[in-house]
Amino acid sequence: MANLLVHGKYLLNPAQPGEKTAVVQDAAVAVTGTSIAAVGSYSALKKQYPDYREVGSNEYLILPGLIDVHHHGWGLSAIQQGALDDTLEPWIYDLLMLKSPTNVYLDTLYGNMKLLESGVTTVLHSHFCRTGNYEDEVNATLKAYETSGQRVALALEVMNQHPFAYDDDWFLQHLSVPLRTQVEAALKARPPMDRDTYLNLVEKYYTERNQEGAAKVKILYGPINAVWTTPDILEAIGERVQQGRGLHLHVVETPYQAEYFFKHYGKSNIAWLHEMHLLGPRTSFAHAVWTTRDDLALLAETGVTVCHNASSNLRLRSGIAPLAFMHERGVNIGVGTDGGTLNDDDDMVQELRLVSKLHRLPRPTSPWVSPHDVMRMATLNGARATLRADAIGRIEPGRAADIILVNLQTMTQPYLAPDIHMADAFVYRAKGTDVETVIIDGELVMENRTHLRFNKADLLAQLREAAAQPPTAQDLQRADLFRQCRPVCVEFLNQYLDREMAPQYVLNRTA
Ligand SMILES: [Zn+2]
């Protein structure tokens, strides 16, 4: 692997909260092997490293590789597969009506490709089993990351309770007798995963694949959501989190999930997870939309990362997470595309723009997240959630060389006022397509928008063929069951909320 001298008109590094992003002008980064050796002026480093292969020019902006802290690795989006946006719970039914992917490797690699093309060098991948073949799927997923070259923190899933609604008895009682018989038979045919099976599975992958330091692969616990996981498993994970293991799960994505914990335990989801010893700096929570003010204090104190999914929350009617207040309290926040950005294209750069716009409350003194805050979220803050806080997320000597080059011409043409800060320009104006070159672990993986580790045209052709395979008999049977049950799920949600939840954001008024 050639040593590199990366050249740009500007280099940006995330700042401390409340400060502006640091800028180096006429910058260069010397990359020796997999690590950053030096950062400084181009003229000085060119003299110091005359033999290094030069990448970029003074027409580029140099940034740390972006970190997507919540994604399920789906290449083809839900819409491409046939499911339009809806409220989360019935939307999950729609997902379960889709046919299983015929080739998880190709689909995941396609997802990785889209993220790479918008500058994502590390992904927190929340595994969500879609084929019923758990280990085959995990192996195919890891193989896709081996091909794309991206770093991954892979959160291994378990979902072993309340598969149809948050109250099994209510749900079964409201089904017609023949449908109830069908549902009960389906539940018996595929019993949920038990505690030891899950813990052993994670242990196996952790022993075989988890690596220290920057490393390409980290293995995390990844129960999808505490509402869908039995407490015995969460308790066991709590012990391991206290011993330093990583955890990623969805929390209070919808008001119904928030209600579940108040109904069952008389406290918030976050307070309950805290009692289970699941909060800490190696824990990250996706969504966290329906968190309370007290929750925010707990998240800040314990060092949990909130993985913000702005587009996904809008698309699935989940609401708007109180990010401005989380940020004000000092919660570590990262950004995730969740396979469902506004343009349905997983463009991480445009997602950053949405995050910077969505939390603008009326009144000029209301807390907000500035473009500089968003830059930090997408880099250094995200690094913590993927358990690489000291290894990635900044361009400085000793850190792993994960670097992207953004075309300044396309971002600023035909003119940009010279006093506009480059971090503002990037968050306000750039698109994923402006990312031209991506370096991971010192290796050029995309140069001038050409992928160097796989052939994009071949991948698209193979995926097109795999995706066009007809559904199996099993797919059709599952789709039929969920289609029949779906109206009962909606009926369930309509009667489930017992309490008024006062909003944290006041965006308009009734009188
Ligand atoms: Zn998710």
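A pocket, as I use the word here, is an open set of grid points, each one a place where a probe fits, with protein on both sides within 12 Å along at least five of seven lines. With that settled, here is the structure, which is a predicted model.

The largest pocket has a volume of about 1600 Å³. It is lined by 47 residues, and those closest to its centre are Leu96, Pro163, Arg190, Arg478 and Phe482. Which of them gives the most? That is H20, with eight residues. By type, the lining of the largest pocket holds 28 nonpolar, 12 polar and seven charged residues.

Now the second largest pocket. Its volume is about 400 Å³. Here 17 residues form the lining, with Val289, Trp290, Ala502, Pro503 and Gln504 closest to the centre. This lining divides into 10 nonpolar, four polar and three charged residues.

You will find it in helix H16, which covers residues 371-385. Is His372 buried or exposed? Its relative accessibility is 7%, so His372 counts as buried; the cut-off for buried is under 20%. What does its side chain make a polar contact with? The partner is the side chain of Thr21, at 2.8 Å.

How values were computed
Residues numbered from 1 in each chain as written. Predicted model: local features only at pLDDT ≥ 70, side-chain atom pairs only at ≥ 80, totals over all residues. Heavy atoms only, no water. Helix = DSSP H or I, 4+ residues; strand = E, 2+ residues; numbered from the N terminus. Buried < 20%, exposed > 50% of the residue type's maximum accessible area, 1.4 Å probe, protein only. Polar contact = N/O pair within 3.5 Å; in protein donor to acceptor, adjacent residues only side chain to side chain. 1 Å grid on protein atoms, 1.4 Å probe; cavity = no way out; pocket = protein on both sides within 12 Å on 5 of 7 lines; lining within 4 Å. Points joined across faces, edges and corners; volume = space filled by probe spheres on them. Nonpolar A, V, L, I, M, F, W, Y, C, P; charged D, E, K, R; others polar.
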